[in-house]
Structure formats: structure tokens, C-alpha cells
Amino acid sequence: MFFLFGTTERQLERGVVADRCPECRAFRWLTVTEHRSVWHAYFIPLGRGRRVATSVQCRRCGTRFQVDDADYAEILPTTARDELSLDAALALTRPDIAERLAAIDALAKLPTDPAYRLADDETGRAHLKGAVATLRELEAAGVDSSDWVTRFSRWPRLEPSERDILLAELRGFARASQI
């Protein structure tokens, strides 16, 4: 008697997450796919099989890359793309990144008028706004910006020359990170 059995690869779409796309270098919706190895007899699957890997695919550029399940706090249903904003989904799926982005956004609300200045500091406000945008780009590219947030939190207490040095350091770091 002849028995035909073996293994086959199956892919199961599990849902979506919000995370960084390494190709787009931005936060995007990613489709989560589970790859399984399943035993079969006469090409009929026997059970669910074992999980081999989990991958995500960017909904914009199509880049697929392997991830660890533990990276995500939650995997959302596919309908979440229509129901949630990307920021809200990021808070649900990657709360660690959402917290860092919230800390970066809080920098924009810092007072830019140090006590030793008399007038409103429009230049300082514009520079701080540019620094916040650069820090968000760094986060989207996968660079942990926690140290930069700490340094920029002292912005109201810095003198103009110290601010210029801090901004120059950030620009140099961003250029070196190819942002």
C-alpha cells in the first residue's frame, strides 16, 4: 500500500498592528501573518501544525519582515484600520513607542521663554518645534530618542548658545543616522 504524507507550509493572517516600517522609515499599518508547518496525509492537513515564524507586511510599500510575537501588546482585527487612527493603534499595539512619542510631543509644550529673557522667544519656539519633528523622525526610523528627550527637557533653562549647541548635536546625530 502506498501512503503519501509529509509537511506543508501554511500562512494564517492574524490581524494588523501599527509599527515602524524599516523601508518607509515611518509608522504604518502592518498585516501580521503566522507561518505554520503542518503535517498532511494525502494533502489533507492533520491539525493546526506548529508555528514556525511570524511576519508583518507593510500595507503601503509591501515590505515583509519577521518579528517576534512578544513585540506587540495586542494584535488588532483587520477592521481596526478603518476604526482607529494610527496613533491610537500604536498605543494599543506598541505602548512603549507610544509613550516615547508622547514624551517627544510634550517637549513642544515646554515654555520657551526663560526667566532671564524679556520678550517672547519666537526663534526658540521655532527651533524647539524643528527639534520635536526631528525626534519623531528618529523614533519612526527605529532610533531610541529617550536620551534626547531628557536633554531637550532642559530647554527653558538653557542659554541661547547652549540651545544652538544642542540643536547642532541633534542635527549631526540625525544626519549620521541617515534621517
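Predicted model: local features only at pLDDT ≥ 70, side-chain atom pairs only at ≥ 80, totals over all residues.
Residues are numbered from 1 along each chain as its sequence is written, and side-chain values use heavy atoms, with hydrogens and water left out.

The chain has six helices and five strands, where helices (H or I, at least four residues) and strands (E, at least two) are DSSP runs numbered from the N terminus. Along the sequence these elements follow the pattern β-β-β-β-β-α-α-α-α-α-α. Of the 179 residues, 36% count as buried, a term that denotes under 20% relative accessible area, with exposed meaning over 50% and partly exposed the range in between (1.4 Å probe, protein chains only). The chain exposes about 10700 Å², of which carbon and sulfur atoms supply 53%; accessible areas come from the Shrake-Rupley method with a 1.4 Å probe, and for residues only the protein chains shown count as cover. Among contacts (heavy atoms within 4.5 Å) between residues at least 6 apart in sequence, 58% join residues at least 24 apart.

Two packed helices are described by the angle between their axes and the distance between the axes. The axes are lines fitted to C-alpha atoms, for helices over the stretch in contact, and the angles run from 0 to 180 degrees between N-to-C directions. Angles under 35 degrees count as roughly parallel, over 145 as roughly antiparallel, 65 to 115 as roughly perpendicular and the rest as oblique.

The axes of α2 and α3 come within 5 Å and cross at roughly 125°, which makes α2 oblique to α3. This contact is formed by Leu90, Ala91, Leu92 and Thr93 of α2 together with Pro95, Ile97, Ala98 and Leu101 of α3. Its residues divide into seven nonpolar, one polar and no charged, where Ala, Val, Leu, Ile, Met, Phe, Trp, Tyr, Cys and Pro count as nonpolar, Asp, Glu, Lys and Arg as charged, and the others, Gly among them, as polar. Arg94 lies in the loop between α2 (86-93) and α3 (95-107), and at 11% relative accessibility Arg94 counts as buried. Leaving aside neighbours within four places in sequence, Arg94 is in contact with Ala18, Asp19, Asp71, Tyr72 and Ala89.

For α3 and α4, the axes come within 9 Å and cross at roughly 170°, so that α3 is roughly antiparallel to α4. Here Ile97, Arg100, Leu101, Ile104, Asp105 and Leu107 in α3 meet Leu128, Val132, Leu135, Arg136 and Glu139 in α4, and by class the contact has seven nonpolar, no polar and four charged residues. Ile104, which is placed in helix α3, is buried at 0% relative accessibility. The C-alpha atoms of Ile104 and Val132 are separated by 6.2 Å, although the two residues stand 28 residues apart along the chain. Not counting residues up to four places away in sequence, Ile104 touches Val132, Leu135, Arg136, Glu139, Ser145 and Val149. Of these, Ser145 is found in the loop between α4 and α5 (146-152) and is buried, with a relative accessible area of 1%; with the corresponding sequence neighbours (up to four places away) not counted, Ser145 touches Ile104, Leu135 and Glu139.

Helix α4 (residues 122-140) also packs with helix α6 (residues 160-176), at an angle of about 25° and with the axes 11 Å apart; the two helices are therefore roughly parallel to each other. In this contact, Gly124, His127, Ala131, Thr134, Leu135 and Leu138 in α4 meet Arg163, Leu167, Leu170, Arg171, Phe173 and Ala174 in α6. The residues involved divide into seven nonpolar, three polar and two charged.

Among the strands, β2 (residues 26-41) holds Thr33, which is buried with a relative accessible area of 6%. Thr33 and Gly15 are 18 residues apart in sequence and 7.5 Å apart in space, C-alpha to C-alpha. With neighbours within four places in sequence left aside, Thr33 is in contact with Gln11, Leu12, Glu13, Ala53, Thr54, Ser55 and Arg64. Arg25 lies in the loop between β1 (5-21) and β2 and is partly exposed, with a relative accessible area of 36%. The phi of Arg25 is near 55°, a positive value in a residue other than glycine.
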